[in-house]
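Subject: A structure for you to look at

Hi there,

Here is the structure I promised to pass on to you.

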Amino acid sequence: MIKYLLKCNNKHEFESWFSESKEFEKLKKQKLIECIFCQSIDVDKSIMSPSIVCKKKNVEKKLNNKDFIKMKKNLTKMKKFVEKNFKFVGDKFPQEAREIYYDNKKNKKIYGTVTSEERLELEEEGIELTSLPWVDNKKN
Ligand SMILES: [Zn+2]
């Protein structure tokens with residue numbers, strides 16, 4: 001089972017379980033996914049990138065769209081916060097996240113990048129990631 005954070009065109013967010021990653025696309029095409037708040041069928045997976053993981057739940061903040069807009073103004077600030085408090089592991093993120101998840105003694109805060117495939121694998125293992133909007137100076 002995979003849990004996705006979904007968002008409708010009215011910016012409602014809710015979580016939903018799917019038996020496999022393809023099921024979301026399938027159900028969406030058949031218009032079988034609707035917002036639990038407004039019944040809109042214009043529902044998508046929340047786009048997230050990159051990801052952070054740590055054991056303390058309160059550090060993981062799920063961002064809804066309103067927060068996102070607010071956060072956009074503070075992206076640089078937030079980036080600094082993450083860079084200061086989280087260890088950058090780059091594309092070693094899936095590996096490091098597993099170490100933290102399976103080793104109870106570890107309580108590191110890390111951030112890095114995952115491909116959508118790696119993300120799905122981690123989610124299937126029950127490792128919850130939190131993704132953040134990011135400012136990349138190299139792009140844009
Ligand atoms: Zn809605």
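Below is what was found in it, going from the whole chain to some of its parts.

Please keep in mind that this is a predicted model. The protein has 140 residues, and 15% of them count as buried. It contains five helices and seven strands. Starting at the N terminus, the order of elements is β-β-α-β-β-α-α-β-α-β-α-β. If you take the contacts between residues at least 6 apart in sequence, 59% of them join residues at least 24 apart.

Let's begin with the sheet. Three strands make an open sheet, in the order β2-β1-β3, with antiparallel pairing. Strands β2 (13–18) and β3 (43–45) are at the edges with a single partner strand each, so one side of each has no neighbour in the sheet. From one strand to the next, the twist averages 40 degrees. Strand β1 covers residues 2–8 and is joined to β2 by six bridges. To find your way along this pair, look for K7, which stands opposite E13 in β2.

While you are at β1, have a look at L5, which lies in that strand. Is L5 buried, partly exposed or exposed? L5 has 17 C-beta neighbours inside 10 Å. A residue needs 20 or more to be buried and 12 or fewer to be exposed, so L5 counts as partly exposed. L5 also shows how the chain folds back: S46 is 41 residues away along the chain, yet the C-alpha atoms of the two are separated by 5.8 Å.

Next, helix α4, residues 93–102. Which residues of α4 are buried? They are F93, P94 and A97. These three cover an arc of only 95 degrees around the axis, which means that they sit on the same side of α4. On the face of α4 turned away from the buried side you will find the exposed residues Q95 and Y102.

Finally, the nonpolar cores. The largest has six residues: F93, A97, I110, Y111, V114 and L122. Helix α4 and strand β6 (110–112) are the elements that give two or more residues to this core. There is also a second, separate core of five residues, among them L6, C8, I33 and V43.

Enjoy exploring it, and write back with any questions!

Best wishes

Terms used: Residues are numbered from 1 along each chain as its sequence is written. This is a predicted model: local features need pLDDT of at least 70, side-chain atom pairs count only at pLDDT 80 or more; totals for chains, interfaces and linings use all residues. Two strands pair if DSSP finds at least two bridges between them. Helices (H or I, at least four residues) and strands (E, at least two) are DSSP runs, numbered from the N terminus. Axes are lines fitted to C-alpha atoms, for helices over the stretch in contact, and angles run from 0 to 180 degrees between N-to-C directions. Two residues are in contact if their C-beta atoms, placed from the backbone, lie within 7 Å. The arc is that of the directions from the helix axis to the C-beta atoms. A nonpolar core is a set of buried Ala, Val, Leu, Ile, Met, Phe, Trp, Tyr and Cys residues joined through C-beta atoms within 7 Å.
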